[in-house]
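Trainee: I'm new to this one and would like a close look at a single part. Could you walk me through the place where the ligand sits, and then what lies around it in the fold?

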Amino acid sequence: MGATLTPTTLELDAGDVVADVDPRVFGGLLEHMGRCVYEGVYEPTSAHADEHGCRTDVLDALRELSFTAVRYPGGNFVSGYDWRDGVGPRDQRPERLDRAWRCTESNQFGTDEFLPLCERMGWTPMMAVNLGTGTADDARDLVGYVNEPAGTHAGDWRGRNGRAAAYGVDLWCLGNEMDGPWQLGHTDASEYTRRAREAAAAMREVSPDIEVVACGSSDPNLPSHPAWSLTVLDEFGEGLDYLSLHRYARNFGRRPREYLGFGVGVDAQIEESARLCEEARARHGLDRAARISFDEWNVWYKTAPQTLARMALPARFGGRAPHLIEEVFNLEDALVAAGFLTSFLRHADVVRVANLAQMVNVIAPLLTKGDDLLVQSIFHTFRMFSSRRAGDSLRVTAVGPAYETRRFGTVPEVDLAAVLGPEALHVFAVNRNLTATAPLEVGLAGRSLDRIGPCEVLTGPHPRARNTWDDPHVVEAAPFAGLSCTAGSAELHIPPLSLVAATFPLAG
Ligand code: AHR
């Protein structure tokens, strides 16, 4: 019999709703980087290729994750990309040096491959325009190319390229991480905001109803944080729908308890940015505050030195689809990924879009090798949440044990979120304790929890356990039976170092 923590109690109230969960919080990033596109979703020579050149094994696995908003084509890549290179007859598309990742871009996959793929997969396209080396006119022309009807110059160009009907892309990113010195065309916050406003105005000449996302401070550790976001919010003013945030969890200290508290840092980042958005709204008398598009998030540290080394070699370019940042994720990474998702759910009123970066091979839930596919630990995390996302996020005021960390202060032993759907309550719980089981008592005011639906647990033999090509089932979700319902409340026993996703069907 192992150790047991003091119980955590979670009293939920169906009337205490944070907000509806925007499905777009379960988005992804498909960047022209490394082997995300090529040898990832697109590989015409693969035994799995469909008639479009896409890998059916990869797409089938991505379908299980039910991605919503898919951001494309970058990432850093977009800041040097001319979208015109990626449309038209394939044999006439130029092969170019991609200056962001210092490799060769064949342009065999572009806008007219991405958008039909979104339609086939049921993804909501979220396209980024180049505000590094690109202009407002380039951005407007791209919006015209995808959104103007047949009979216009842009619509007819698209038609000649094989697509008559407009795609209707509604969500647009105004550049990427323009606060980062690594970004092509990096500049200061005022100049970026000028570019972003100009581009948004030009894009809205073509499609007045699009929603736009401006680059906020992309990393709380940058010296320009948070002043960058403040300037963008103040100088953009009316018409900014979302402020973009990014975050990659690092774990250089090899202290699992510290690392597992990372979600508390995500909470702080969201709350600080939401406050800046609201204060800017009040200062400028805007109708509505910008909300948050957390459009890159994940764990990324094991392969970070490789990236820095590549960025430090300005003269060296290397081949097509190189193996870039193919992070191998372990159990503790999967639980930190869960900490991002619980935080997004708890902040459902402000976080309306979020994108797991990335979708295949590059810091991704899936790895390909030849025609084989490996499912990584974070795949299970994402699926466990994504399959239970429909509904309202309920306010979580739990009482339970906590521990102290150097980086994040006080961290609850059990990290929680709850979604009330039309027919069921879903509870997500991460036990951050390495050795002790966490008892969790859940009640829903005015409702009776007396039925148990599909429940899953994700755990493994130790924090660094991971799936490998030789042993691919070490960390994966399994049915969870460690719970019961008595007198209208539920009692769960969350195993050490695990994520539990529990569903309680409700009587109509
Ligand atoms: O996702 C990998 C890279 O991380 C993206 O291209 C960039 O936006 C971020 O720095």
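**The ligand and its surroundings**

Mentor: Let's start with Gln-358: an N or O atom in its side chain is 3.0 Å from an oxygen atom of the ligand. Keep in mind that this is a predicted model. Glu-296 also reaches the ligand with its side chain, where a polar atom lies 2.7 Å from a ligand oxygen. With Asn-76 it's the backbone that counts: one of its N or O atoms there lies 2.9 Å from an oxygen atom of the ligand. Taken alone, the ligand would expose 280 Å², and the protein buries 95% of that. Who does the surrounding? Besides Asn-76, Glu-296 and Gln-358, you'll find Glu-31, Met-33, Gly-75, Trp-101, Asn-176, Glu-177, Tyr-248, Trp-300 and Ile-363 around the ligand.

Now for the nonpolar side of things. The largest nonpolar core has 130 residues, and those touching the most other members are Leu-62, Trp-172, Leu-174, Tyr-192, Phe-294, Trp-297 and Phe-344. Helix α10, residues 331–346, gives the most to this core, with 10 residues. Domain 1 (8–13 + 394–505) and domain 2 (22–389) each supply at least three residues to the core.

Leaving aside residues up to four places away in sequence, Phe-344 touches Val-25, Val-266, Ile-270, Phe-294, Trp-297, Val-351 and Ala-354.

Notes: Residues numbered from 1 in each chain as written. Predicted model: local features only at pLDDT ≥ 70, side-chain atom pairs only at ≥ 80, totals over all residues. Heavy atoms only, no water. Core = buried A, V, L, I, M, F, W, Y, C linked by side-chain atoms within 4.5 Å. Buried < 20%, exposed > 50% of the residue type's maximum accessible area, 1.4 Å probe, protein only. Helix = DSSP H or I, 4+ residues; strand = E, 2+ residues; numbered from the N terminus. Domains from an automatic or database assignment. Contact = heavy atoms within 4.5 Å. Near = heavy atom within 4 Å. Polar contact = N/O pair within 3.5 Å; in protein donor to acceptor, adjacent residues only side chain to side chain. Areas by Shrake-Rupley, 256 points an atom, 1.4 Å probe, with all protein chains shown as cover.
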